[in-house]
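Welcome! Please take a moment to look over the chain from one end to the other before reading on.

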Amino acid sequence: MPLDSPLTDIERPDIERPRLLSGMQPSADSLHLGNYIGALLSWKALQETHDAFFFLADLHAITVPQDPAELRANTRRTMAQYIAAGIDPAKSTLFVQSHVPAHAELAWVLNTLTGFGEAARMTQFKDKAAKQGQEAASVGLFTYPILQAGDILLYQAVDVPVGEDQRQHIELTRDLATRFNSRFGDTFTVPKPYILKDTAKIFDLQNPGAKMSKSAESPTGLIWLLDEPKVTEKKIMRAVTDADGEVRFDREAKPGLANLLTLFAILGNRSIESVVEEFAGGGYGTLKKALAAIVVETVEPIRTRTLELLEDPAELDRILAANAEKANAVAEQTLATVYDRVGFLPPLRRHR
């Protein structure tokens, strides 16, 4: 593509709707309720208003050791859960990161524009390296935010739904896009973060001071989307609360109860105040029992649909192949522009 070529309709197939990109790592065999509320519910709504690209970040997953068979299985299972939770591959472009080679190729170009000190300041790398030990942390983990920048810039995304903990990575992406555009000409859309609200943050049922996470110390604090209903009910009934028995919302003094009230309000599409009013004076057991019913009612259809999809891997592969083709069409065009502008010779043939 010549240096002064404008963006085309292939790059922006839906001009009226802003481009959006987000993804998660396939690092467990089931997503949990925090993933559903914190990401998938927002994605489901945003696919109606945006030209949405959602992906499984398997390249990011291997920045820490993975069992190959488990990674393949988790990627399939997580994609099935995306679809079962309402991410519609007919409305969104839903793909696996490694199916689009341009992610790794653009990341290399962006690596050459990123200062070592700039990358070293990323707080998530510092935190993860501290847990693993500096010597054990991989170079891939160090450059993770640069690959993430490539993920976003490949698709000319305007909005990037992320949690607050990812804001620094989006700022790096914006800096790299601006730097490239300044040096080589207007190429990348400079994205903006779409920060998910704190009210959507779900905490561990056994440790309500910590966000619900697959890395939790105990599985009893996590509600997995693929849990059996009886298991889900038991986890909610055993959720940590406090000793005074008064149903009121106080995130500081009563974090466990606040977490349950938040869950009830979000899944019941109600205000927290109305939930408190309904259960005031009724004790925690009554609230937990009603919450368990709502959670099971929400999660069980996702579980059932996921298992159905996994029973037909050929159909799941067909969906992934069709969406990878759509993602590659956009990504390859961006990469061709980047390669031209940095001065690479045009390839005689692209091997895909």
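The paragraphs below walk through the cores, some helices and strands, and a few individual residues. Keep in mind that this is a predicted model.

The largest nonpolar core has 55 residues. Within this core, the members that touch the most others are Leu 33, Tyr 36, Leu 40, Trp 43, Tyr 82, Leu 205 and Val 295. Which helix gives the most to this core? That is helix H13, running over residues 284-310, with nine residues.

If we set aside the neighbours within four places in sequence, Val 295 is in contact with Leu 33, Ile 223, Thr 232, Ile 236 and Leu 267. There is also a second, separate core of 34 residues, and among its members are Ala 57, Met 122, Tyr 155 and Ile 170.

Tyr 155 leads us on to the aromatic rings. The structure holds ten aromatic pairs. Ring pairs join Tyr 155 with Phe 53, Phe 55 and Phe 95 into a cluster.

Next, find helix H8, which covers residues 144-154. How many of the residues in H8 are buried? Eleven of its eleven residues are, so this helix is mostly covered, given that buried means under 20% relative accessible area. Among these buried residues are Tyr 144, Pro 145, Gln 148, Asp 151 and Leu 154.

Just after H8 comes Gln 156, with a positive phi of about 55°. The residue sits in the loop between H8 and strand E4, and a positive value is found here in a residue other than glycine. Is Gln 156 buried or exposed? Its relative accessibility is 1%, so Gln 156 counts as buried.

Now compare another loop residue, Asn 269, which lies between helix H11 (255-267) and helix H12 (272-279). Asn 269 is not a glycine either, and its phi is positive, near 55°. Asn 269 has a relative accessible area of 72%, and therefore counts as exposed.

Back at strand E4, residues 159-162, we meet its partner, strand E5, residues 192-195. The two pair in the parallel sense over four bridges, and Asp 159 stands opposite Lys 192 in E5. How does the chain get from E4 to E5, and what is the hand of the crossover? The path runs through helix H9 (residues 167-184), forming a right-handed β-α-β crossover.

Another stop is Ala 80, found in helix H3, residues 68-84. With a relative accessible area of 0%, Ala 80 is buried. Leaving out neighbours within four places in sequence, Ala 80 is in contact with Thr 306, Leu 309, Leu 310 and Leu 316.

After H14 comes Gly 343, whose phi is positive, near 105°.

Conventions. Residues numbered from 1 in each chain as written. Predicted model: local features only at pLDDT ≥ 70, side-chain atom pairs only at ≥ 80, totals over all residues. Heavy atoms only, no water. Core = buried A, V, L, I, M, F, W, Y, C linked by side-chain atoms within 4.5 Å. Buried < 20%, exposed > 50% of the residue type's maximum accessible area, 1.4 Å probe, protein only. Contact = heavy atoms within 4.5 Å. Pairing = 2+ DSSP bridges. Right-handed = clockwise from strand over helix to strand, strands pointing away. Phe/Tyr/Trp six-rings, centres within 6.5 Å; stacked < 30°, edge-to-face > 60°.
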